[in-house]
Amino acid sequence: MRLSLPSFRKNQNKGARTALSKKSAKTNTCEVSQDKAFPPFCSKFLLCVLLSISLVLCLQGAPFVAWGDESQDAQETSQAEGNENQDNSQASSQDQSETEDPNNKVYVNQLSDSSFLYETAIADLAEADSYYEGLTVLVKGEVVGDRVNDEFREDTCWITLQDDEENPSVVAVFMTKDQSSVIDTYGQYGKVGTQLQVRGTYHLECSEHQGMSDIHAEEVSALQEGYEQNPAPNMRTFGLAIVACVIGVALMAAYYIKRERML
Ligand SMILES: [Zn+2]
């Protein structure tokens, strides 16, 4: 087909226009597609933000506890390791002291020393025989009664120790007033005395104190403070007393009535 120049130009322009329009349409479609593609991108971004926020929230929750456990475990293990190291160091130091210190050795030829009785029961001392004479004893008991001043030495006194409330045995202890200052309560009705631990020399028949059995204290320490105790009334005894009073009143009334009738 033969076309004239103007018509060719026209056609060319037309083609260019159509191309431009197509291009613009393409760009438009591209823009449109970009506009359409933006919301998914935006939603992905939002999803990512939400996920990261939820991850942060989760990390602030349970995982911290897990980490805490891990750190605790780590601490424990480190402590255990530290203890092991300490033990090892102690053992090594002991080994060193055993090997290096010539004075720290067991003296194998040492004779047995029976002059000390560890934790003697007061009940045993109450039934003591001459074996206990002059032995160093360690007794524990409650301070009962009053402190009695010694008549010869002003700075000394006597106290009484009792071992058991159910089946009480007592022992007299001779001590200085300074030593007795650790006693805060002397046991009596409604009061439980100080629990005392006394280490001293036991005398079955003390030559210094008219042949009485006593302990001359060397070291006195309080184990437990005394306290007040209000014992609850025994309801059985109380009931029996009321019944006895009622019977007594009834018998007295019967006696007076009978005497009136006899007169
Ligand atoms: Zn004595």
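Are Trp158 and Phe174 buried or exposed? Here is a short tour that answers this along the way.

1. A word on the model. This is a predicted model, in which local features need pLDDT of at least 70 and side-chain atom pairs count only at pLDDT 80 or more, while totals for chains, interfaces and linings use all residues. Residues are numbered from 1 along each chain as its sequence is written, and side-chain values use heavy atoms, with hydrogens and water left out.

2. Aromatic pairs. You will find four aromatic pairs here (rings of Phe, Tyr and Trp, the latter by its six-membered ring, with centres within 6.5 Å; planes under 30 degrees apart are stacked, over 60 edge-to-face, the rest tilted). One of them joins Tyr131 to Tyr132, edge-to-face, at 5.7 Å centre to centre and 85 degrees between the planes. Tyr131, Tyr132 and Tyr202 form one aromatic cluster.

3. The opening pair. Trp158 and Phe174 make a tilted pair, 4.9 Å centre to centre with 50 degrees between the planes. Trp158 sits in strand β3 (residues 156–162) and Phe174 in strand β4 (residues 170–176), 16 residues apart (strands are DSSP runs of E, at least two residues, numbered from the N terminus). Both Trp158 and Phe174 are buried (under 20% relative accessible area, with a 1.4 Å probe and protein chains only).

4. The zinc site. Cys206 (SG), His209 (ND1), Asp214 (OD) and His216 (NE2) coordinate the zinc ion at 1.9 to 2.2 Å (donors are N, O and S atoms within 2.8 Å of the metal, or 3.2 Å for Na, K and Ca). The arrangement is tetrahedral because the donor angles run from 103 to 122 degrees (all angles must lie between 85 and 135 degrees). Cys206 and His216 are both buried.

How values were computed:
Helix = DSSP H or I, 4+ residues; strand = E, 2+ residues; numbered from the N terminus. Buried < 20%, exposed > 50% of the residue type's maximum accessible area, 1.4 Å probe, protein only. Tetrahedral: all angles 85-135°; square planar, octahedral: opposite > 155°, others 65-115°.
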